[in-house]
Amino acid sequence: MHLAYLAVGGSVCLSIALIEAWLIVAHFSSEDGPVAKLIPGGKDLLRSHIDYLMMAQFLFVFYGLFRFMSLTPPWWVIVTICFGSFFNPFAFLVRAVKPAYLKAPPILFKAMLTVSCIATTVGYGATAWMLASAAVSGP
């Protein structure tokens, strides 16, 4: 799988974070406005925004490190990182729109969150150790 997907994934996450930034401004500028009614969970919206920013940063950094170190990660690493980077923050966004999910989340939401967390952990963990191993091995 092509390494460029990490950069594309980072761009998607950053674009979502930018849109969320405007939603946050609209939400907190008028607590009875249309955005606050559409997205009642302002704190989870903020969490999603921060998480998307972090995921974008990680994707861009890993893309750059893989290129700099001339490493090609296996396809499953790219898939798990991109999948987890999108869906982990998405869970916060869903909770912002549906605050009831905090107390009684549907089974599909729990399943999506579980798969996403596992994918993120496996993908980012494998990436960290691949890069560490390459760094220790030297050129």
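Predicted model: local features only at pLDDT ≥ 70, side-chain atom pairs only at ≥ 80, totals over all residues.
**Entry 1**

Residues are numbered from 1 along each chain as its sequence is written, and side-chain values use heavy atoms, with hydrogens and water left out.

I then turned to the aromatic pairs, of which the structure holds 8; rings of Phe, Tyr and Trp (its six-membered ring) pair if their centres lie within 6.5 Å, and planes under 30 degrees apart count as stacked, over 60 as edge-to-face and the rest as tilted. The pair Phe86 and Phe87 is edge-to-face, because the ring centres are 4.8 Å apart and the planes stand at 90 degrees. Phe86 and Phe90 make a stacked pair, because their centres are 5.7 Å apart and their planes lie at 15 degrees. These two residues, Phe86 and Phe90, are 4 residues apart in helix H4, so about one helical turn separates them; helices (H or I, at least four residues) and strands (E, at least two) are DSSP runs, numbered from the N terminus.

Ring pairs link Phe86, Phe87 and Phe90 with Tyr52 and Phe83 into a cluster.

**Entry 2: Phe83 and the nonpolar patch**

I followed Phe83, which lies in helix H4 and is partly exposed, with a relative accessible area of 30%. Phe83 also belongs to a nonpolar surface patch of about 640 Å², made together with Trp75, Trp76, Val79, Val115, Ile118 and Val122. Helix H4 (75-97) and helix H5 (107-137) each supply at least two residues of this patch, and H4 gives the most, with 4 residues.

**Entry 3: Asp44**

Is Asp44 buried or exposed? I found that Asp44, which lies in helix H3 (residues 42-68), counts as buried at 5% relative accessibility. Not counting residues up to four places away in sequence, Asp44 touches Phe92, Arg95, Ala96 and Leu102, where contact means heavy atoms within 4.5 Å.

Key. Patch = residues over 30% accessible without salt bridge, like charges linked within 9 Å, V, L, I, M, F, W, Y side chains within 5 Å. Areas by Shrake-Rupley, 256 points an atom, 1.4 Å probe, with all protein chains shown as cover. Salt bridge = Lys/Arg side-chain N within 4 Å of Asp/Glu carboxyl O. Buried < 20%, exposed > 50% of the residue type's maximum accessible area, 1.4 Å probe, protein only.
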